[in-house]
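Subject: Structure handover

Hi,

Here's the structure I promised to pass on. Have a look at it first, then read on for what turned up.

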Amino acid sequence: MSIKIGAEIDVKAISHKMYDLISELYPICRSITGDGVRKTLYYVQQHIPLSIHEVKSGTQVFDWTVPKEWNIRDAYIKNCQGEKIIDFQKLNLHVLNYSIPVRQNVKLEELKQHIITIPDKPDWVPYRTSYYKETWGFCMSHNQMMEMQDPEYEVCIDSTLEDGSLTYGEYFIKGDTEEEVLISCHTCHPSLANDNLAGIALTAFLAQYLSQLKLKYSYRFVFLPGTIGSITWLAQNEVNVNKIQHGLVVTCIGDPGKSHYKKSRRGNADIDKAAIHVLQRSGQDYVIQEFSPYGYDERQYCSPGFNLPVGCFMRSPHGTYPEYHTSADNLDLVKPEYLADSLTKFLAVLNIIDNNNKYINQNPKCEPQLGKRGLYGAIGGQTDTKKRELAMLWVLNMSDGENSLLDIAEKSGLEFDLIKETADTLEKFDLLKIPPNPRV
Ligand code: ZN
């Protein structure tokens, strides 16, 4: 069974499972290293047999070094009455991610230098990190900070920053060929539902579904901390990277925004064409973005030394929706219906990628006589007979070993699935053949 949307897959049911996984992962305090990531990957392992990889702190990965491992048990700010006004156990965003440990009494003025708020969104708590500068801090709502009047507060961050390792997860599905499709998501944000958890859930359930199918390509799914994770993965897998023929970075796919596709650095890779084909025919608003060296892990996959054909699929892009990197990116922002819509689009793109063969017309001198082969009726019975005849003519004419089925769909203005179905029929009637080494 190849990738096919429709009766064979209950996207709606899967979207609820995705949402359940997001809800389970939401309370965990993740970062670029540490037990939060391990725990997250353990939850993903309940759905797919992920292999877990640990890379030691201090390992050199291209121009970067795998950082020390950060873990946190508790954090709070207490007022003069000993009441916790900030409690990490209630919301892990309250701690500046990667804060070094601290336990002391601090004057209000000094404490304020360690507090981050968003004045123009005064009820929301920001999400901030300090990975590469050793410091400590708290994030809180602007309104709450404005209420702080005590001369002194007790602050506690019970964290450790020590040599350990960076953790990433990987799942591989062997297809008919060694050539690979890479699907990558980031796993380093704490309680943020759309930015990271939605991508993790989609990647996990997409992998679970694909594992049941017979696929042309092999598929590699990676769950890694943003930036340093993909840099580490590329450094450790450099010899195999040339197997990657297509790839997608999955991020922010659970919010109500319209779909965005950011092209690979190449700009005209098959993955770019497939994603654009799907969005153009989705009947919904969408945005196609040119590549830029700013965003998620496509920055590393598309760095000039690799220049992999990897695009980025999202709904609202990072930084453009008000809830981005705040406590409002929560379980209310993400909805199963948006997850379902994103999953449907991913399946449609991968359906194209996995079936996008090039054929050679076996009767290229003038049109073959379709009527005598019974081909006019072969896929008949449909009301759109004219369209199907047209598809046959297009596929026969353009199948010279150079044009892929997607090229033919684009040129003819017909849907990919119709072109693919037509090619299957013509192949059955010995009018088309896949050349022996189609992708060389
Ligand atoms: Zn983010």
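This is a predicted model: local features need pLDDT of at least 70, side-chain atom pairs count only at pLDDT 80 or more; totals for chains, interfaces and linings use all residues.

Residues are numbered from 1 along each chain as its sequence is written, and side-chain values use heavy atoms, with hydrogens and water left out.

Strand β4 (residues 69-78) is joined to β5 by three bridges, and the two run antiparallel. (Strands are DSSP runs of E, at least two residues, and helices are runs of H or I, at least four, numbered from the N terminus; two strands pair if DSSP finds at least two bridges between them.) Both belong to an open, antiparallel sheet of four strands, ordered β5-β4-β9-β6. Its edges are β5 (84-87) and β6 (102-107), each with a single partner strand, so one side of each has no neighbour in the sheet. On average, neighbouring strands here are turned by 20 degrees against each other, direction ignored.

There's also an open sheet of three strands, β18-β17-β19, again with antiparallel pairing. Here β18 (400-404) and β19 (432-433) are the edge strands, each with a single partner, so one side of each is left without a neighbour in the sheet. Two bridges join β17 (residues 358-361) to β18, and Ile 360 has Asp 400 in β18 as its bridge partner.

Cheers

Notes:
Axes are lines fitted to C-alpha atoms, for helices over the stretch in contact, and angles run from 0 to 180 degrees between N-to-C directions.
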